[in-house]
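I opened my notebook to look up how this chain is put together. My entries follow, in the order I made them.

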Amino acid sequence: MDLSTLTPEQKKALKEQLMAEEKADEVRKQNERKAYKELVDATVESSAKKLIALSCEMQRIKQEIFQECGTLIKSKNELFKTKGDRKSDTFTTSDNKYRLSLGNRTNEGWDDTVDAGLEKIEEFLSTLISDDKSKALVSTIRRLMAKDAKGSLKANKVLELKQLAQEVDDELLNEGIAIIEAAYKPVVSCQYIQLEVRDDEDGKLKTIPLSLSAMS
């Protein structure tokens with residue numbers, strides 16, 4: 001279209017037409033965005049209600065299972081004369097079809113006196129003679145004293161260190177380990193339940209997913 005051939009009236013009409021189309025397009029976009037937002041609200045609210053109901057039901061079932069298994073744990077302790085301070089318990093059906101494990105997960109923690117124990121051990125290491133045997137001992141002890149990425153000792157390594165100290169039998173080393181043991185303050189992070197079911201085809205135990213992230 002050659003705009004130079006249009007009359008002023010035609011140009012005005014064309015401009016008004018273009019403006020009307022632009023306005024209609026803008027209204028259309030706003031309506032689409034409004035419809036999308038309404039869809040988001042409806043979908044999220046519906047999903048939230050389902051998940052809240054699921055969470056409440058899972059919490060109810062979890063408490064129920066811990067209460068029921070609490071009776072089993074008490075009976076097991078009385079029947080087999082065992083202690084009731086285990087971090088976890090596992091029960092398996094007679095046909096080996098189901099295996100249920102439950103207990104408490106803990107985060108390892110230490111109070112500030114742990115460093116005093118480490119200093120005692122460092123003092124012990126400084127007394128060793130620098131021959132091959134003592135170098136190997138120093139290397140082993142330093143490995144067991146090493147902290148993880150979060151700056152904490154590992155309880156299992158401290159246990160190894162204690163066993164090693166019993167062999168060395170040095171007063172300074174034993175004192176340091178005693179301080180470290182006293183500084184251990186584990187914190188219960190959560191209760192967990194794990195269910196394994198034996199597959200009828202291959203006979204292997206398979207863990208049943210009990211969290212949304214574990215479900216495919």
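**Entry 1: strands that pair**

I am working from a predicted model, in which local features need pLDDT of at least 70, side-chain atom pairs count only at pLDDT 80 or more, and totals for chains, interfaces and linings use all residues. Residues are numbered from 1 along each chain as its sequence is written, and side-chain values use heavy atoms, with hydrogens and water left out.

I noted what the names stand for: helices (H or I, at least four residues) and strands (E, at least two) are DSSP runs, numbered from the N terminus. Two strands pair if DSSP finds at least two bridges between them.

I then looked at the pairing of β3 with strand β4 (residues 205-207): it is antiparallel, over three bridges. Six residues lie between the strands of this hairpin. Gly203 in the hairpin has a positive phi near 75°.

How many bridges join β2 and β3? I found ten, again in the antiparallel sense, between β2 (residues 98-107) and β3 (residues 187-198). Opposite Arg99 I found Glu196 of β3.

**Entry 2: the whole chain**

I listed five helices and four strands in the protein. Along the sequence they follow the pattern α-β-β-α-α-α-α-β-β.

Next I looked up the extent. The C-alpha trace spans about 110 × 55 × 35 Å along its principal axes. The radius of gyration (taken over C-alpha atoms) is 34 Å, whereas a compact globule of 216 residues would have one near 17 Å. That globule rule is 2.2 Å times the number of residues to the power 0.38.

I also looked up burial (buried means under 20% relative accessible area, exposed over 50%, partly exposed in between, with a 1.4 Å probe and protein chains only). Buried residues make up 18% of the 216 residues.

**Entry 3: the largest pocket**

On a 1 Å grid over the protein atoms alone, a pocket is an open set of points where a 1.4 Å probe fits, with protein on both sides within 12 Å along at least five of seven lines; lining residues have an atom within 4 Å of a point. A volume is the space filled by probe spheres set on the points, which are joined across faces, edges and corners.

The largest pocket holds about 430 Å³. It has 17 lining residues, and the closest to its centre are Met58, Ile61, Lys62, Ile193 and Leu210. Two elements give two or more residues to this lining: α1 (8-80) and β3. I saw that α1 gives the most, with eight residues.

Where does Lys81 sit? I found Lys81 in the loop between α1 and β1 (88-92). Lys81 is not a glycine, yet its phi is positive, about 55°. Lys81 is exposed, at 73% relative accessibility.

Asp169 also has a positive phi, near 55°. Its loop lies between α4 (155-168) and α5 (171-182). Asp169 is exposed, at 59%.

Last, I checked Lys37 in helix α1. Lys37 is partly exposed, at 48% relative accessibility. Lys37 and Thr92 are 55 residues apart along the chain, and 50 Å separates their C-alpha atoms.
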